[in-house]
Amino acid sequence: QVGSALGPDGTLHLFYRDGANLKHAALAPGGAWSVESAAAGTGNVGEFSASVADSSGDLHVVYVDGASSQEVRYAKKSSAGWGAPELVFTGAGATWNVGVDVDARGIVHAAWNNAGASSHIRYSSRTPVAGWSVPTGLDDSVSGGAVSLRLGADGAPAVAYVNGASRLRVAVWNGTGFAGTFPDETAAPDARFAFARGPDAAGAF
């Protein structure tokens, strides 16, 4: 899973695993590609990653560190450079397929698929002051398919995924908790899909 983001200045950013490192490649308009290491480890760092650029141009990337018990980690790049990676989640079982978005207040929202005692879609958010929240389980019957997280115009997160019965599900924050919605009960989608939300907070696949 390659992470991508478009900065407010039009710069394209890609995040991908290269051996034991999470690499960051950037292409400014009219420029050439530049490549750097965003995070290093001993193996499979960044095998799954998702990224977003905020309105200031800061980069936020959530990734799986497969060499460290399948941990989910977060890193941010500002004008001062890369900050130290932060631990978002660690637990039993494999972890894969991550999603991330950031709202106007600087709160980062992340979701991922973790196979512990049973497969779970998990969600956590990070405030600049308090750090990462305790992960919340959204569904305990899921497939190994993609996970996508998008924010509405009001900043409410929606997490799209494929459940254990191969049906599309979207968990939407309603102000007090996440409520499940069911886009198409007749479809049996592949493990991959695209999910977007418009300025009116409506979702589309």
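Are Y74 and W132 buried or exposed? Both are buried, where buried means under 20% relative accessible area, exposed over 50% and partly exposed in between (1.4 Å probe, protein chains only). Keep in mind that this is a predicted model, where local features need pLDDT of at least 70, side-chain atom pairs count only at pLDDT 80 or more, and totals for chains, interfaces and linings use all residues. Residues are numbered from 1 along each chain as its sequence is written, and side-chain values use heavy atoms, with hydrogens and water left out.

Now for the rings. Searching the whole structure turns up 5 aromatic pairs; Phe, Tyr and Trp (its six-membered ring) pair if ring centres lie within 6.5 Å, and planes under 30 degrees apart count as stacked, over 60 as edge-to-face, the rest as tilted. Y74 and W132 sit 5.4 Å apart, centre to centre, with planes at 70°, so they go down as edge-to-face. That pair links distant parts of the chain, with Y74 in strand β7 (residues 71-78) and W132 in strand β13 (residues 131-132), 58 residues apart. Strands here are DSSP runs (E, at least two residues), numbered from the N terminus.

Y123 and F178 are edge-to-face too, at 4.9 Å and 65°. Y123 belongs to β12 (residues 119-127) and F178 to β18 (residues 178-181), so the pair ties together parts 55 residues apart in sequence. Y123 is buried at 9% relative accessibility, whereas F178 is partly exposed at 23%. Together with W173, Y123 and F178 form one aromatic cluster.

Over to D58, in the loop between β5 (45-53) and β6 (59-65). D58 is buried, with a relative accessible area of 15%.

Conventions. Helix = DSSP H or I, 4+ residues; strand = E, 2+ residues; numbered from the N terminus.
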